[in-house]
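Here is a short briefing on how one protein chain packs together. Look at the sequence and the structure first, then read the points below.

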Amino acid sequence: MALEFVQVSTTVASQQAAAELARSAVEARLAACAQIAGPITSIYWWLDSVESAPEYVIWFKTTVERYQDLEDHIRSGHTYDVPEVICVPIVAGNPDYLSWVRDESTAAETPQD
């Protein structure tokens, strides 16, 4: 079975930042959809100390083909020095849903003159 679909996650500092990043990725057809959850509490090492901060997580559904463009979009629109961008395979799912993800993650064609 060839891998065709992935779920990509990132975290951001505010609900507004999450909504803006999610919307811009979906509008650009880099992902079929994005879900936002939070606030969550993240505990992590940063600059030689343990930090804690509220964050919002975004899960994007897209195709392997669109992954790199989505990663580039997330990184370019992110405020963190080292943003989390994690991609995990979707190995199975509702065929109708996955077909929808494929259709909606495809770059929109420009009209011909």
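This is a predicted model: local features need pLDDT of at least 70, side-chain atom pairs count only at pLDDT 80 or more; totals for chains, interfaces and linings use all residues.

Setting aside residues up to four places away in sequence, Phe60 touches Val6, Gln7, Val8, Thr10, Leu21, Ala22, Ala25, Ala31, Cys33, Ala34, Leu70 and Ile74.

**The nonpolar core**
- The largest nonpolar core has 15 residues.
- Phe60 is among the members that touch the most other members, along with Val8, Val12, Leu21, Ile58, Leu70 and Ile74.
- Four elements each supply at least two residues of this core: β1 (5-12), α1 (15-27), β3 (49-63) and α2 (64-76).
- The largest share, 4 residues, comes from α1.

**Two helices packed together**
- α1 and α2 pack at an angle of about 145 degrees.
- Their axes lie 11 Å apart.
- The crossing of α1 and α2 is right-handed.
- From α1, the residues in this contact are Leu21, Ser24 and Ala25.
- From α2, they are Leu70, His73 and Ile74.
- The residues of this contact divide into 4 nonpolar and 2 polar, with no charged ones.

**Val85, a loop residue**
- Val85 sits in the loop between α2 and β4 (86-90).
- Which residues is Val85 in contact with, leaving aside neighbours within four places in sequence? They are Val8, Ser9, Tyr67, Glu71, Ile74 and Arg75.
- Val85 and Thr10 are 75 residues apart in sequence. In space, C-alpha to C-alpha, Val85 and Thr10 are 5.0 Å apart.

Conventions
Residues are numbered from 1 along each chain as its sequence is written. Side-chain values use heavy atoms; hydrogens and water are left out. A nonpolar core is a set of buried Ala, Val, Leu, Ile, Met, Phe, Trp, Tyr and Cys residues joined through side-chain atoms within 4.5 Å. Buried means under 20% relative accessible area, exposed over 50%, partly exposed in between (1.4 Å probe, protein chains only). Contact means heavy atoms within 4.5 Å. Axes are lines fitted to C-alpha atoms, for helices over the stretch in contact, and angles run from 0 to 180 degrees between N-to-C directions. A crossing is left-handed if the near helix is turned anticlockwise from the far one by less than a right angle, and right-handed if clockwise. Ala, Val, Leu, Ile, Met, Phe, Trp, Tyr, Cys and Pro count as nonpolar, Asp, Glu, Lys and Arg as charged, and the others, Gly among them, as polar.
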